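Please look over the structure shown below before reading on. The report that follows takes up helix packing and aromatic ring pairs in turn.

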Amino acid sequence: MGPIRPGPGAKAALAPAFVEVTAGFWGTRREVNSRTSIPQGPGLLESAGNLHNLRVVAGTAEGAFRGAYPFVDSDVYKWLEAAAWQLAQETSEDGGPLAADVERIVSLVADAQQPDGYLNTWFQLLKGGERYKDLRWGHDPRRAGSAQG
């Protein structure tokens, strides 16, 4: 059945490789995503500074945080999710340029992640590494087992 193992009470399971949406409203949206939105993602993440922030945290670039909000990293993860869903529908053997973009950005995220798994470029670059202090606005993930502060 794949990597998703629904429990006995599950009514549905996500299975992108087994479902094809090819027509109607969602078919049109998927075609636009496939042809335009998803391929533009890496360039837009680059111009907005999202990837720059990850490079600075990873130590492969210098500079200041770019972006107006503490949660700009989430745009990278949203694009990776969309690209992964798209790749699940691809028919080429190697996934083409999209797979290469995903591999490159996943590697960048992995390089920026701290040894304990923490990654939030806003806090790492602007707050001196201070963590878990702005849970409501900063989207700073709460450490499992810690109290909100």
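The sections below treat a predicted model, beginning with a helix pair and ending with aromatic rings.

## Packing of H1 against H3

Two packed helices are described by the angle between their axes and the distance between the axes. In this predicted model, helix H1, which spans residues 24-48, packs against helix H3, residues 73-89, at an angle of about 140°, and their axes are 10 Å apart. The two helices are therefore oblique to each other, since an angle has to be over 145 degrees to count as roughly antiparallel. The crossing in which H1 passes H3 is left-handed.

On the H1 side, the contact is made by Arg-30, Ser-34, Ile-38, Gly-41, Pro-42 and Leu-45, while H3 contributes Asp-75, Val-76, Trp-79, Ala-82, Ala-83, Gln-86 and Gln-89. Sorted by class, the residues in this contact between H1 and H3 are seven nonpolar, four polar and two charged.

## Aromatic pairs

The count of aromatic pairs comes to three. One of them joins Phe-25 and Trp-26, whose ring centres lie 4.8 Å apart and whose planes stand at 85°, so the pair is edge-to-face. Phe-25 is exposed, with a relative accessible area of 55%, and Trp-26 likewise counts as exposed, at 57% relative accessibility.

Another pair is formed by Tyr-69 and Phe-71, with ring centres 5.4 Å apart and planes at 10°, so this pair is stacked. Tyr-69 is partly exposed, having a relative accessible area of 42%, and Phe-71 is also partly exposed, with a value of 24%.

Technical notes. Residues numbered from 1 in each chain as written. Predicted model: local features only at pLDDT ≥ 70, side-chain atom pairs only at ≥ 80, totals over all residues. Heavy atoms only, no water. Axes fitted to C-alpha atoms, helices over the stretch in contact; angles between N-to-C directions. Helix = DSSP H or I, 4+ residues; strand = E, 2+ residues; numbered from the N terminus. Parallel < 35°, antiparallel > 145°, perpendicular 65-115°, else oblique. Left-handed = near helix turned anticlockwise from the far one by under 90°. Contact = heavy atoms within 4.5 Å. Nonpolar A, V, L, I, M, F, W, Y, C, P; charged D, E, K, R; others polar. Phe/Tyr/Trp six-rings, centres within 6.5 Å; stacked < 30°, edge-to-face > 60°. Buried < 20%, exposed > 50% of the residue type's maximum accessible area, 1.4 Å probe, protein only.
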